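The tour below moves from one selection to the next and says what is to be found at each stop.

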Amino acid sequence: MDVLLFLSFRMKETPLSELIAVRRRKLESMRASGLRPYGMRFATSGSIASIRSQFADGKLLYVAGRVTAYRDMGNSQFLDLADITGHMQVFVCAKEIKLEDLEVLPLLDIGDFIGVTGECFTTKTREPTLRARSFQVLSKAIRPPPNKWYGIRHTETKYRQRYLDLISNPASCEVFRQRIRIIHEIRSYLEGNGFLEVETPMMQVVPGGAAAEPFKTHHRALDMDLFLRIAPELYLKQLLVAGFPRVFELNRNFRNEGISRHHSPEFTMLEAYIAYSDFEQMALLVEEMICHIAKKVCGGLLIQHKNEAGEIVRTIDLTPPWKRARYSDLIRSIQPSWYELSSDQKRACCTQMGLETTDSQEDFEITQRVFEKFVEEKIIDPLFVTHCPRELVPLAKQNEIDLSVVDAYELVINGHEISPGYSELNDPDIQRRRLEYQSGGEIQKLDLDFLTALEYGMPPAGGLGLGVDRLVMLLTGAESIRDVILFPHMRSKN
């Protein structure tokens with residue numbers, strides 16, 4: 001019987017404590033024989049994928065990885081070594097390796113890391129294989145890994161012990177490989193279009209750039225409270241003041257708010273700004289960039305989302321040009337007379353539609369609830385929602401024709417906002433009034449350094465944000481933001 005298959009049955013039947021005890025006895029046997037079960041440096045020929053690309057019959061190569069399969073055929077034995085890039089088969093012939101190496105084989109377990117020196121050859125089944133000349137133990141695994149047939153079934157374990165998920169679930173590995181490629185393509189695209197990447201403070205005296213609850217900390221040496229940033233926007237705009245023509249930051253943001261399938265307290269955002277631009281140019285930029293990434297990473301512009309059974313549940317078409325619609329027109333598509341209704345009538349209308357409202361909510365907040373529930377959630381293919389209410393976007397420039405809206409877009413795909421973009425407000429007096437209104441008149445909540453910078457002159461500019469985690473969800477078909485964050489935040493076990 002295949003040893004790995006046999007092990008999968010034993011793991012189902014044998015208590016974990018007994019499996020660990022067996023492995024510890026093997027560990028002690030290694031030490032008693034003078035072996036080093038936690039070895040030193042092993043000079044590999046590269047990752048396993050790299051080694052497979054170098055493969056040529058008769059070539060001497062050095063491979064290291066985790067043992068994922070072990071087949072004992074008497075004098076001939078086969079092992080599979082793996083890392084996140086792939087796997088390599090190793091052939092061990094009892095007559096071709098040192099006796100001391102041969103004596104180590106019975107002490108190996110699935111999950112151990114070993115290094116192998118061997119010659120390339122191709123088996124009768126055309127499998128690239130290394131004929132082992134020597135090997136050494138690099139790390140003895142005390143705990144058995146999840147086997148590839150059953151994997152990690154418990155969702156909480158999958159998130160808390162992501163390494164086990166990645167060991168046993170190739171689909172999870174692929175999601176994070178795609179995430180790495182997506183972030184690489186974002187950088188590559190922007191740098192290829194003349195943008196400079198910068199870094200701005202993650203601890204701020206005043207948390208600005210968005211309306212959100214921040215995390216608070218205290219700096220003892222300076223004896224002052226600081227906040228983890230909710231957005232880098234105000235610092236990036238100060239660089240526009242300084243004369244940067246195109247600037248971007250891939251940043252970690254922190255918001256002390258709820259957790260859901262699309263919200264995490266710590267998340268990755270892209271923010272980018274172009275001097276002498278506007279929201280229209282930023283819309284074209286984000287459209288072109290996402291299409292570029294989809295072609296590079298997904299191979300095309302039709303993105304299929306599948307369920308656990310592998311059945312297609314929806315197809316998202318990213319083919320440009322992407323549609324546009326004014327915010328007010330979308331609201332009128334739900335209730336034609338909405339903007340003619342009084343506040344009480346709007347609340348009554350919401351009640352009829354099954355939406356809860358409160359007396360403290362202002363008209364624009366009630367309207368936004370209608371938008372989120374009856375418009376945004378139903379949008380699948382990309383749609384730029386333009387000319388949003390000015391109260392929703394205090395950092396955007398007011399439209400010159402309709403003073404109730406700002407020159408801004410919200411890009412919605414698959415029922416969620418992926419990217420906001422603005423014509424940036426650069427009038428320091430209007431900006432101060434907007435921020436004072438947003439802060440409820442509390443001066444200590446104003447970023448006075450930012451307002452001072454604006455008084456030195458900021459050029460007209462376009463800016464955009466892009467939720468990187470949500471973009472990865474979109475392009476990989478993941479249903480939860482936790483599936484695209486390597487180590488998502490979880491409630492304490494205690």
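Begin by selecting the open sheet of eight strands, which runs in the order 6-10-11-18-17-16-15-14 with mixed pairing; two strands count as paired if DSSP finds at least two bridges between them. Its edges are strand 6 (196–197) and strand 14, each of which pairs on one side only. Helices (H or I, at least four residues) and strands (E, at least two) are DSSP runs numbered from the N terminus.

Before going further, keep in mind that this is a predicted model, in which local features need pLDDT of at least 70 and side-chain atom pairs count only at pLDDT 80 or more, while totals for chains, interfaces and linings use all residues. Residues are numbered from 1 along each chain as its sequence is written, and side-chain values use heavy atoms, with hydrogens and water left out.

**Inside the sheet: strands 16 and 17**

Select strand 16 (residues 408–413) together with strand 17, and you will see an antiparallel pairing over six bridges, in which Glu410 has Pro420 of strand 17 as its bridge partner. Next, select Ser423, which belongs to strand 17 (residues 416–423). Is Ser423 buried or exposed? Its relative accessibility is 6%, and therefore Ser423 counts as buried, the term being used for values under 20% relative accessible area, with exposed meaning over 50% and partly exposed in between (1.4 Å probe, protein chains only). Show the residues around Ser423: apart from neighbours within four places in sequence, Ser423 is in contact with Asp278, Phe279, Ala396, Lys397, Asp407 and Ala461, where contact means heavy atoms within 4.5 Å.

**Strand 1 and its two partners**

Move to strand 1 (residues 60–73), which pairs with strand 4 (residues 113–122) in the antiparallel sense over seven bridges; within this pairing, Leu60 stands opposite Glu119 in strand 4. Strand 1 also pairs with strand 2 (residues 76–83), again antiparallel and over seven bridges, and here Val67 stands opposite Leu81 in strand 2. The turn of this hairpin of strand 1 and strand 2 has two residues between the strands, and Gly74 in the turn has a positive phi of about 80 degrees.

**A second hairpin and a cis bond**

Select strand 12 (residues 302–306) with strand 13, an antiparallel pair over five bridges, and pick out Ile303, whose bridge partner in strand 13 is Ile316. Five residues separate the strands of this hairpin, and Gly310 takes a positive phi near 85 degrees in it. What kind of peptide bond joins Pro320 and Pro321? The bond is cis, with omega at about 0 degrees.

**Backbone angles to inspect in loops**

Most residues other than glycine have a negative phi, and most peptide bonds are trans. With that in mind, select Asp223, in the loop between strand 8 (216–219) and strand 9 (224–228), where phi is near 50 degrees, a positive value in a residue other than glycine. Asp223 is exposed, with a relative accessible area of 60%. Then select Tyr276, in the loop between strand 11 (266–275) and helix 9 (279–298); Tyr276 is not a glycine either, yet has a positive phi of about 65 degrees, and with a relative accessible area of 66% Tyr276 is exposed.

**Between two helices**

Now select Gln361, in the loop between helix 11 (343–353) and helix 12 (363–374). Gln361 is buried, with a relative accessible area of 19%, and, apart from neighbours within four places in sequence, Gln361 is in contact with Arg347, Glu356, Ile366 and Arg369. The C-alpha atoms of Gln361 and Ser343, which are 18 residues apart along the chain, are separated by 9.7 Å.

**The whole chain**

Finally, zoom out to the complete protein chain, whose secondary structure comes to 15 helices and 18 strands. Along the principal axes, its C-alpha atoms fill a box of roughly 85 × 50 × 45 Å, and buried residues make up 47% of the 494 residues.
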